[in-house]
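This report walks through a few features that can be checked by eye. Please keep the sequence and the structure open while reading.

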Amino acid sequence: MNTYLIRKACIASSGDLVDITIANGVIEQIGFHDHTKSLSNANVIDAEGLLVLPGLFDLHAHLGQPGFENRECIASASAAALHGGVTGLLAMPDTSPAMDNPAQIQALEELCRHESAIDIIPAGCITKNAAGEEQVSFYALKNKGVHFVTDADHVPSNLLLLYRAMQYAAPFNLTFALHGDVPALTANSLMHPSTTSYRLGLAGSPVCAEEIGISTFIRLAQETGAAIHIQTISTAGGAEIVRQWKSKLSTPLSAEVALHHLIFTHEQVGDYNTTFKTLPPLRDKTDNEALIAALQDGTIDCIVSDHTPVTVFEKKQDFRTAPYGMIGLDTFLPALYTYLVRPNLLSWEQIIRLCCDNPRQLMHVPRVSLQESSHADLVLFDPKGESLVSDSFLRSCSRNSPFLGSTLAGKVRGVFVNGVYHDFNE
């Protein structure tokens, strides 16, 4: 049947108790409980005790396919995203081959249409093969519908190339997504400079490298008129630089923070735990607090997963050799709830702004709303449930989750997207 009746759901942002009727993927009626008509032919979903909120949109995820299917594929990434309450995401272009031309973008879009249950939007590269040596054809990418260009974890070290790329791309209204870095300063570093790095004998990544990088890229955007999005801010100083520029920059400026930079610190590296080797590295508790404050006051626009799948074999290498990154799609909404909402650091209204509305606005896709005549793109979340993160829990192909073996508060019970209801009541 194509008609669903969600009974006694509580709207997360308002606390209103409602019944929601969904017919052929569209919200047909929404009203206070007991005021919505009964439907004899509907699939009834008992949502008593559950929160309903719009599907999340993740603005930063590495999907692996094509080229790294041993780490992740479109189907598994899509399943992991749904499991974490994510109904749309921006795919980083660091695949093999890279997303540096319209043919590769089209091939990925076709693959997603057949393999993905969620909406996946590809980002394009800034330089060919994300190698930092030759700019791509921004005109061709724009004509293919690309909005964000980025070399993902790589930052072009040739500032003249980046400056000219911004000049060339500015008229096409492309957004340059860059994380703050000065490669010459961080080339041989492995983690945050701290007592932990000193104890482990690991080279520290200078905090100033991120902040110099952010300042430099914003200045280039100011000079060229290009829109800029700062990826995965990890330091208090980086957030402050964005805060100062937002009030005076004439070109669009937005920013994101990865969830793990809000909840973990360098101390989690412990005795060379490669799961906590990230790029940028995990910082201090004071940085966590400053980043949360920047979310609260609107300096940072989005929270992202920075989902980076890596095989068990790769992560079992020594700390210097092991790849950066951790996975975050499967656990995205429960982790947001556990570490931000339940401790009253962010409200549900703020989570919806940071993880639903703002990312979609930046990607120029329609805002998801819980209103009649809107497409049903929503999540049913149980705040009293638990998510035991085990091998069987994870839908991702990879296992480099910082929560593996632990229990998160809350559980995604169901997701409506693209006319289909996905039930997670197992």
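Predicted model: local features only at pLDDT ≥ 70, side-chain atom pairs only at ≥ 80, totals over all residues.

## Strand pairing

How many bridges join β14 to strand β15? Eight, and the two strands run antiparallel. Strand β15 covers residues 407–417.

Strand β14 spans residues 378–388. β14 also pairs with strand β5, residues 51–54. That pairing is antiparallel too, with four bridges. Here Pro54 has Leu378 of β14 as its bridge partner.

Start from the loop between α5 (183–186) and α6 (195–200), where His192 sits. Is His192 buried or exposed? His192 is buried, because its relative accessible area is 3%, and the cut-off for buried is under 20%.

The side chain of His192 makes a polar contact with the side chain of Asp284, at 3.4 Å. Asp284 is also on the list of residues that His192 touches, which leaves out residues up to four places away in sequence. That list includes Pro281, Leu282 and Arg283. Ser197, Gly204, Ser205, Val207 and His266 are on the list as well.

## Salt bridges

How many salt bridges does a search of the whole structure find? The count is 15.

Take Glu48 and Lys8. Their closest N and O atoms are 3.8 Å apart, and the pair forms a salt bridge. Glu48 is exposed, with a relative accessible area of 55%. Lys8 is partly exposed, at 29% relative accessibility.

The second pair is Asp377 and Arg360. Their side chains meet in a salt bridge of 3.8 Å, N to O. Asp377 is in the loop between α13 (348–362) and β14, and Arg360 is in helix α13, so this pair links parts 17 residues apart in sequence. Are these two residues buried or exposed? Asp377 is buried, at 9% relative accessibility. Arg360 is buried as well, with a relative accessible area of 3%.

Arg399 and Asp391 form another salt bridge through their side chains, at 3.0 Å from N to O. Arg399 counts as partly exposed, at 23% relative accessibility. Asp391 is also partly exposed, at 48%. Elsewhere, which residues do salt bridges with shared partners join into one network? They are Glu240, Arg243 and Asp297.

The largest cavity has a volume of about 90 Å³.

Which residues line the largest cavity? Among them are Leu259, His260, Ile263 and Phe264. Met326, Ile327 and Gly328 belong to the lining too, as do Thr331 and Phe332. Ser305, Pro402 and Phe403 also line this cavity.

How values were computed:
Residues numbered from 1 in each chain as written. Heavy atoms only, no water. Pairing = 2+ DSSP bridges. Buried < 20%, exposed > 50% of the residue type's maximum accessible area, 1.4 Å probe, protein only. Polar contact = N/O pair within 3.5 Å; in protein donor to acceptor, adjacent residues only side chain to side chain. Contact = heavy atoms within 4.5 Å. Salt bridge = Lys/Arg side-chain N within 4 Å of Asp/Glu carboxyl O. 1 Å grid on protein atoms, 1.4 Å probe; cavity = no way out; pocket = protein on both sides within 12 Å on 5 of 7 lines; lining within 4 Å. Points joined across faces, edges and corners; volume = space filled by probe spheres on them.
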